[in-house]
Amino acid sequence: MKKFLNEFKEFAMRGNMIDLAVGIIIGGAFTTIVNSLVNDVINPILGLVIGKIDFSSLFITLDGKSYASLKAAEEAGAAVLKYGSFISNLINFLIMAFVVFMLVKIIAKLTPKTEEKPEVPTTKVCPYCKSEISIDAVRCPNCTSELE
């Protein structure tokens, strides 16, 4: 049991695990900010432009009856398609995807590019005995042939 706990401790304290935990925490906080941006800023502006529509109140009841509000339909136990909520979540996704895309582009620009240098050969093959020898050799150490 002690060995298992030590292995778990070693696993949990690796740099990657800590980075992942920090990423999840920041991602959660970022999600809250984006949700607020969509619900408190973008949706009201879109609603104003489209015609004072509150996306959260857009719904279709599947039982064919008409209800004054989404809350009334849910209280009546009606099956409801909340397409307004879907639109809000779609906007959230698009904003998140755009922000992640921009972050990846920025990080790619900030990351120093390493030039891949072509690998310079250090060996060659003797044309007579076909053994691998140093590129600088003038005589094959295996068959003693003179090389060009």
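Biologist: Leaving aside neighbours within four places in sequence, which residues is Thr 61 in contact with?
Modeller: Thr 61 is in contact with Tyr 67, Ala 73, Ala 79 and Val 80. Contact means heavy atoms within 4.5 Å. Bear in mind that this is a predicted model: local features need pLDDT of at least 70, side-chain atom pairs count only at pLDDT 80 or more, and totals for chains, interfaces and linings use all residues. Residues are numbered from 1 along each chain as its sequence is written, and side-chain values use heavy atoms, with hydrogens and water left out.

Biologist: Is Thr 61 buried or exposed?
Modeller: Thr 61 is buried, at 14% relative accessible area. Buried means under 20%, exposed over 50%, partly exposed in between (1.4 Å probe, protein chains only).

Biologist: What lies 2.6 Å from a polar atom of the Thr 61 side chain?
Modeller: The backbone oxygen of Lys 65.

Biologist: New topic. Where does Ile 91 lie?
Modeller: In helix H4, residues 83–110. Helices are DSSP runs (H or I, at least four residues), numbered from the N terminus. Ile 91 is buried, with a relative accessible area of 16%.

Biologist: And what does Ile 91 touch, not counting residues up to four places away in sequence?
Modeller: Val 38, Ile 42, Asn 43 and Leu 46. The C-alpha atoms of Ile 91 and Ile 42 are 8.7 Å apart, with the two residues 49 apart along the chain.

Biologist: Which residues make up the largest nonpolar core?
Modeller: Cys 126, Ile 133, Ala 137, Cys 140 and Leu 147. A nonpolar core is a set of buried Ala, Val, Leu, Ile, Met, Phe, Trp, Tyr and Cys residues joined through side-chain atoms within 4.5 Å.

Conventions. Helices (H or I, at least four residues) and strands (E, at least two) are DSSP runs, numbered from the N terminus. A polar contact is a pair of N or O atoms within 3.5 Å; within protein, one must be able to donate a hydrogen and the other to accept it, and residues adjacent in sequence count only if both atoms are side-chain atoms.
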